[in-house]
Amino acid sequence: MASLKSICMSLFALTPLVAGHAAIIAAVGDAGGAGMALGIDPSTPRDGSRRNPFQQDTTRFRGQAAKTVGQTIKSGVNKVEEGTQAILDITKDSLPQVTAGGTLEMTLHQINQDGAGPFNCMINSDAKATEWTAITVAKNVPGRFGLSRTTQTDFPLIASIPAGQTCTGTAAGQDNVCLVRCQNPISFGGVVPVQMAGGAGAGTGGGNDDTTPPVANSTTAANKGNKRPLARRYFAKRADLEKDSVEDLEQWQH
């Protein structure tokens, strides 16, 4: 059986030393409605893997937005209010409608090798993006440590909304809003605004009986990595090569 070190070295060899990406380009709730991640521009072509133009609207959780809603090359730090309004403009006044115990079904577009799974998901109940609770990933994206040989491919990514979940946030004139954040081990992913069904302007729907064990995926848990020292050193090396923040976003674009 291959050692963890040999796996990491093999993955490192097959992956280019540039920022890779994945984008949540669509999302639907178990009670209806539709949306996508903050920062997504539907006009972005999805048939290539280069930085420009294919990665311009993908989110990664770095810099001052590492623990909140992330940032994109195109627009910098994502913003909940403006980003939710942009989604509503695209979907004609709709957000994914979810129920407590239901699901959020997303389409994850893997642009290149660094956009693979597995993805961890979490939820924020007040749309402020400051506190996150880990939630179950019912269907994940293939990959190891966020890497695979796959490029330019769509995958289903399904997150389970906890039974008893409440959504108390307000964004872009919508009440009962939560934020669902999903990211892979290399910090690519996205944040999807959702609306709890049954509130003003929302539909109704049933839950599910998902019993899939939860993935440890709170912001704190995602950053621990205590059981994989070799993998942690590998990603520390990558982080060294890719280090950036909102302040050096212009350098990131080149």
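Serine 187 sits in the loop between β13 and β14 (helices, H or I of at least four residues, and strands, E of at least two, are DSSP runs numbered from the N terminus). This is a predicted model, with residues numbered from 1 along each chain as its sequence is written. Local features need pLDDT of at least 70 and side-chain atom pairs count only at pLDDT 80 or more, while totals for chains, interfaces and linings use all residues; side-chain values use heavy atoms, leaving out hydrogens and water.

Is serine 187 buried or exposed? Its relative accessibility is 15%, so serine 187 counts as buried (buried is under 20% relative accessible area, exposed over 50%, partly exposed in between, with a 1.4 Å probe and protein chains only). Neighbours within four places in sequence aside, serine 187 is in contact with Thr59, Arg60, Phe61 and Arg62, contact being heavy atoms within 4.5 Å.

As for the chain overall, there are five helices and 14 strands. Of its 254 residues, 49% count as buried. Take the contacts between residues at least 6 apart in sequence: 74% of them join residues at least 24 apart. The accessible surface of the protein chain comes to about 11400 Å², and carbon and sulfur atoms own 51% of that (areas are from the Shrake-Rupley method with a 1.4 Å probe; for residues, only the protein chains shown count as cover).

Now for the inside. In soluble globular proteins, nonpolar side chains tend to be buried together. Here the largest nonpolar core has 44 residues, such a core being a set of buried Ala, Val, Leu, Ile, Met, Phe, Trp, Tyr and Cys residues joined through side-chain atoms within 4.5 Å. Leu104, Met106, Leu157, Leu179, Val180, Cys182 and Val192 have the most contacts inside this core. Two or more residues each come from β1 (22-29), α2 (80-91), β7 (103-110), β8 (120-124), β11 (153-160), β13 (174-183) and β14 (188-196). The largest share, five residues, is that of β13.

Two disulfides are present (pairs of cysteine sulfur atoms within 2.5 Å). In one, the sulfur atoms of cysteine 121 and cysteine 182 lie 2.1 Å apart, and the link is right-handed, with 110° about the S-S bond. Cysteine 121 and cysteine 182 are both buried. In the other, cysteine 167 and cysteine 178 have their sulfur atoms 2.0 Å apart; the S-S torsion is about -105°, so this disulfide is left-handed. Cysteine 167 is in the loop between β11 and β12 (169-171), and cysteine 178 is in strand β13, eleven residues apart. Both of these cysteines are buried too. Numbered in sequence order, the bonded cysteines pair 1-4, 2-3.

That leaves α2. Its twelve residues reach 16 Å from first C-alpha to last, close to the 16 Å expected at 1.5 Å a residue (1.5 Å times one less than the number of residues). Val80, Gly83, Thr84, Ile87, Leu88 and Thr91 are buried in α2. They cover an arc of only 140° around the axis, which puts them on the same side of α2; the arc is that of the directions from the helix axis to the C-beta atoms. The buried residues of α2 pack against β2 (32-35), β12, β13 and β14. Just after α2, lysine 92 has a positive phi of about 65°.
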